[in-house]
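Here is a short report on one protein chain.

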Amino acid sequence: MMCSENGTKGLAALRRAVFALFAGRCAWAAPAGPEKFVRIADVAPGVILEPRYYSTYNFTGERLPGYDRPDMALCREAASALAKAEAMFEARGLRLKIYDAYRPARAVEYFYRWSLNGDVRMKSYFYPKLDKSVLHLKGYIALRSGHSRGSAVDCTLVDMKTGRELDMGGPFDLFDERSHYAARGLTKVQERSRAVLRSVMMECGFKGIRSEWWHFVLKDEPYPDTYFDFPLSDVGRLDTIGSE
Ligand SMILES: [Zn+2]
């Protein structure tokens, strides 16, 4: 079909409009994600990874959606702060062990759905004193998690001489007041272990929270309002590297 000049101009205007719409949509949807993230193993190879939500040893008893690889990732800024912490801990004869870092939003949604079902098979390990129905009310389960923003880590310390975890006075993901950083009834050794973990993480740019001794988030997190949802296997793929 022949186009008149007016028709051609009209087509160009339409193209511009579609492009502007598309660009606007991209701006709204950005940042896409994986290209802004790195695998922890690539930037902090001395860190021990124990991905609890890839395994079934977590409070749901299931591997979580989005954890399609036994791997962990953080945004570049948080990862470089973690590498600094790794070096500082190593100088003290300690190794960082990470239980979770970037958490796809779909996994957090799964937590919420799980909180409404009747499955209590992991109760004795993770919420022995609480009825499952109150986990949401108590704030242990939420609709969104700071982990999905890519700047949070759950971690503990391992003694390099013995290969054993330091005694923190309670395990990771225990839904109990004992998990509060300043919980009552801790021994001096347990208090000191928590303090060592927290002081070095703070020195490297992270901040802790009151309710979980293991949780840290980068103070100046670069994506404070973005909840990413790509699966772990998207991080470090050739088609996502350097496409920022
Ligand atoms: Zn956490």
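## A loop residue and its contacts

Leu174 touches Phe126 and Ser179, leaving aside residues up to four places away in sequence. Touching, or contact, means that the C-beta atoms of two residues, placed from the backbone, lie within 7 Å. This is a predicted model: local features need pLDDT of at least 70, side-chain atom pairs count only at pLDDT 80 or more, and totals for chains, interfaces and linings use all residues. Residues are numbered from 1 along each chain as its sequence is written.

Leu174 sits in the loop between β5 (152-159) and α6 (188-203). Helices (H or I, at least four residues) and strands (E, at least two) are DSSP runs, numbered from the N terminus. Why does Leu174 count as buried? Because it has 21 C-beta neighbours inside 10 Å. The cut-offs are 20 or more other C-beta atoms within 10 Å of a residue's own for buried, 12 or fewer for exposed, and partly exposed in between, with C-beta atoms placed from the backbone. Phe59 is 115 residues from Leu174 in sequence, yet the two C-alpha atoms are 8.7 Å apart.

Asp173 belongs to the loop between β5 and α6 as well. Asp173 is not a glycine, but its phi is positive, at about 65°. Asp173 is buried, with 23 other C-beta atoms within 10 Å.

## Overall layout

The protein has 6 helices and 7 strands. From the N terminus, the order is α-β-α-β-β-α-β-α-α-β-α-β-β. Of its 244 residues, 34% are buried. Among contacts with a separation of 6 or more, 76% link residues 24 or more positions apart.

## The sheet and its helices

Five strands make an open sheet, ordered β2-β4-β5-β7-β6, with mixed pairing. Strands pair if DSSP finds at least two bridges between them. β2 (48-49) and β6 (206-208) are at the edges; each has a single partner strand, so one side of each lacks a neighbour in the sheet. β6 and β7 run antiparallel, joined by 3 bridges. Gly208 has Phe216 in β7 as its bridge partner.

α6 packs on the sheet and touches β5, β6 and β7; its direction makes about 145° with that of β6. α3 lies across β4, β5, β6 and β7, at about 145° to β4. Axes are lines fitted to C-alpha atoms, for helices over the stretch in contact, and angles run from 0 to 180 degrees between N-to-C directions.

## The nonpolar core

The largest nonpolar core holds 56 residues; Ile40, Ala73, Leu74, Ala79, Leu82 and Ile98 have the most contacts inside it. Such a core is a set of buried Ala, Val, Leu, Ile, Met, Phe, Trp, Tyr and Cys residues joined through C-beta atoms within 7 Å. α3 gives the largest share, 7 residues. Contacts of Ile40, beyond four places in sequence, include Val47, Leu49, Met72 and Ala101.

α4 has 12 residues and spans 18 Å from first C-alpha to last, close to the 16 Å expected at 1.5 Å a residue. The expected span is 1.5 Å times one less than the number of residues. Which residues of α4 are buried? Ala105, Ala107, Val108 and Phe111 are buried. They cover an arc of only 165° around the axis, so they lie on the same side of α4. The arc is that of the directions from the helix axis to the C-beta atoms. On the other side of α4, Arg113 and Leu116 are exposed.
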